[in-house]
2 protein chains.
Amino acid sequence: MVSMLRFEVLNEDGSSRTGILSLARGCIHTPAFMPVGTNATVKAMSPDELKEIGAEIILGNTYHLYLRPGHGIIRAVGGLHRFMNWDLPILTDSGGFQVYSLSALRVIEENGVHFRSHVDGSMHFIGPAEAMEIQRALGSDIAMVFDDCTPYPATYEYALDSLKRTLKWARMCREFRNEGQALFGIVQGSTYRELRTMSIEGLLGIGFDGYAVGGLSVGEPKEVMHEMIRFTGPLLPADKPRYLMGIGDFTDVLVAVESGVDMFDCVMPTRNARNGTLFTSTGRISIKRTEYKADKGPLDPNCKCSTCTHYSRAYLRHLFLTREILSMRLNTMHNLYFYMDFFRKMRDAIASGKFSEFRKRWEAVLASRPETEEEIS
Amino acid sequence: MVSMLRFEVLNEDGSSRTGILSLARGCIHTPAFMPVGTNATVKAMSPDELKEIGAEIILGNTYHLYLRPGHGIIRAVGGLHRFMNWDLPILTDSGGFQVYSLSALRVIEENGVHFRSHVDGSMHFIGPAEAMEIQRALGSDIAMVFDDCTPYPATYEYALDSLKRTLKWARMCREFRNEGQALFGIVQGSTYRELRTMSIEGLLGIGFDGYAVGGLSVGEPKEVMHEMIRFTGPLLPADKPRYLMGIGDFTDVLVAVESGVDMFDCVMPTRNARNGTLFTSTGRISIKRTEYKADKGPLDPNCKCSTCTHYSRAYLRHLFLTREILSMRLNTMHNLYFYMDFFRKMRDAIASGKFSEFRKRWEAVLASRPETEEEIS
């Protein structure tokens, strides 16, 4: 079968690298950040705004779209791209992680998982066959295999058992692979190096268009997460895209890119925006702080996003405190632009062999202004 | 004092008329609809989007902006236009109606009203002097006099007393008039023709740049409201803009335009949009209806707004049921476009002497699809 995806590494700087991922619907410059569009919309944003800030691919959630509106409806109206008016690439996760993290009940069986919907309590079943069928109906450009996300902590035996299940399901997903859709495998193995290695070897034996690291950011300490990223990243094949699932903290991204990771998704910029936490070139701020009450200045004088170009901190604070919809729009626009810009600058740094300077500069900024609870006047 | 406003009647068709209202920041084609921007934002919309749909003036609420963020802050950051990034005209109401309708407690005195904030329960005082000072700080293009909104029903004696208070306050507002800001008087008088006449005569004696009809849509039957509009409209001076405050039902607008009214504001398009009630060329619909579940068609095939151009009813239904922010954006965009388009077509009809056909056609549409409670699947 011909791969629907081409990946070319352009520059290398240590283990970090830039590349171009080519799909029928468009090219993606890596390292890439994928805004999360859970319910067929990146919360508060329009497709035009996403393009304006340079998004080249977004993520859709199989679990959510299966429950609402249902993949049958999305197929009936012409697929996810047409449904949400987004004509660039879409990656869909498989639902494995949401079944683990969102459903009220989860009963794992041989060929999938019975779970209770977090929306209305109804019972459902998704396994590799179902996950591939749903993703076919959605018509995403990149599909993910249905995996069993191993909880943390897990004993070696449990993690091994879970890992074998993920590998078996990965093989089934590969069999049910959809025409015209790239398919990525997912590495599990909890925090055991040996199991991570075994997982990668298993996946390589099956063969995928790209490889994702799953089962992290599930409660393990940061150092353990970083150790696993540093260990796993370089073991993934260099000629395929590497994707670290669901992780978007700047510190984690820097560790991962240094370990050769190419793709990221995370709700951090969008969720934080709605909560009034905004990223700036001097660290993160809480827009509700009293000090911004009559502050005429832009959120971040170094930012060129439309929020920073047109609005003051005083206005953003006012919109946040009055719970206006425009608050979520302007904050999301800024935070997502900030992320896209961070990735753009990171790609430039790698291309010019300056990733380690880039990393040090950012780590200093990130350390300078830790998040604190702020008083509202 | 030189008026900050020029008004020219362009076409007449019976008592209905088209005109151009010229202010330093821009011209307004009348009959005009003013989207309501209560908290220094038209809910869910950006200023660019408002311009895209043809809004030439918006309304700001003195009461809300006085409470949050406070007019001192808006003055400090350069006025309301700069604060909210809107460079076309703004009309501010005086707070009189909100003090009446929103505050938990209202104690009317000689020179104003003590009231309890609906936000935090704190006590405040606004009278004609304060209302003019706040509107000066906001820097709106058109200010309104601070009036005493007469409740319905009111005895003749109460309405007379209230009317006299409004006239006295109107005189004070005229004295405190701000440089560079047009000022409109407000007609009160409850449902008594004699008092409406007395109110108009009193206001004409003081002299304003425009005249508004207040104290309607406060609980009186529709027929009584229409009777008052028909009676009051033609008594207002023909060479000044006439503004019917807070009323935007299509039926009421048609009655008012037929009575020579030029300006309108109402939360109907925006509030209904957020509740999923959408206006179409064949009547209003509730987007949550089961029948739209897999409906690929646009909300209104005859509408050229960006929502109808890019999205299906199935998608709009899905966004509404998942309570997505984009739902409120797309619905508001459509409803406001629909209003602006209705007014555009109404102006064309008047200009070509066909207002009564226009009115009949619309009344038939409005009667064809009354709102009903719909079941959600």
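A salt bridge here is a side-chain nitrogen of Lys or Arg within 4 Å of a carboxyl oxygen of Asp or Glu. With that in hand, welcome to this predicted model, where B:Arg329 and A:Glu49 make such a salt bridge, their closest N and O atoms lying 2.8 Å apart. The rule finds 4 salt bridges across the interface of chain B and chain A.

**Where the chains meet**

- On the chain B side, 37 residues are in contact with 37 residues of chain A.
- About 3,100 Å² of area is buried between chain B and chain A, and carbon and sulfur atoms give 60% of that area.
- Polar contacts join 16 residue pairs between chain B and chain A, counting pairs with both residues at pLDDT 80 or more.
- Five helices of chain B each supply at least two residues of the side that touches chain A: helix 1 (47-52), helix 3 (71-76), helix 4 (80-84), helix 13 (313-321) and helix 14 (325-351).
- Helix 13 of chain B gives the largest share of that side, with 5 residues.

**How the copies are related**

**A closer look at helix 13 of chain B**

- Helix 13 of chain B has 8 of its 9 residues buried, so this helix is largely enclosed by the rest of the structure.
- Among the buried residues of helix 13 are B:Tyr315, B:Leu316, B:Leu319 and B:Phe320, and B:Arg313, B:Arg317 and B:His318 are buried as well.
- Within chain B, the buried residues of helix 13 pack against helix 11 (268-274), helix 12 (306-310) and helix 14.
- From chain A, helix 2 (62-67) and helix 4 (80-84) also pack against these buried residues.
- Just after helix 13 of chain B comes B:Arg323, which takes a positive phi of about 55°.

Terms used
Residues are numbered from 1 along each chain as its sequence is written. Chains are lettered from A and ligands numbered from 1 in the order in which they are written. This is a predicted model: local features need pLDDT of at least 70, side-chain atom pairs count only at pLDDT 80 or more; totals for chains, interfaces and linings use all residues. Side-chain values use heavy atoms; hydrogens and water are left out. Contact means heavy atoms within 4.5 Å. Buried area is the accessible area (1.4 Å probe) that two parts lose on being put together, summed over both. A polar contact is a pair of N or O atoms within 3.5 Å; within protein, one must be able to donate a hydrogen and the other to accept it, and residues adjacent in sequence count only if both atoms are side-chain atoms. Helices (H or I, at least four residues) and strands (E, at least two) are DSSP runs, numbered from the N terminus. Buried means under 20% relative accessible area, exposed over 50%, partly exposed in between (1.4 Å probe, protein chains only).
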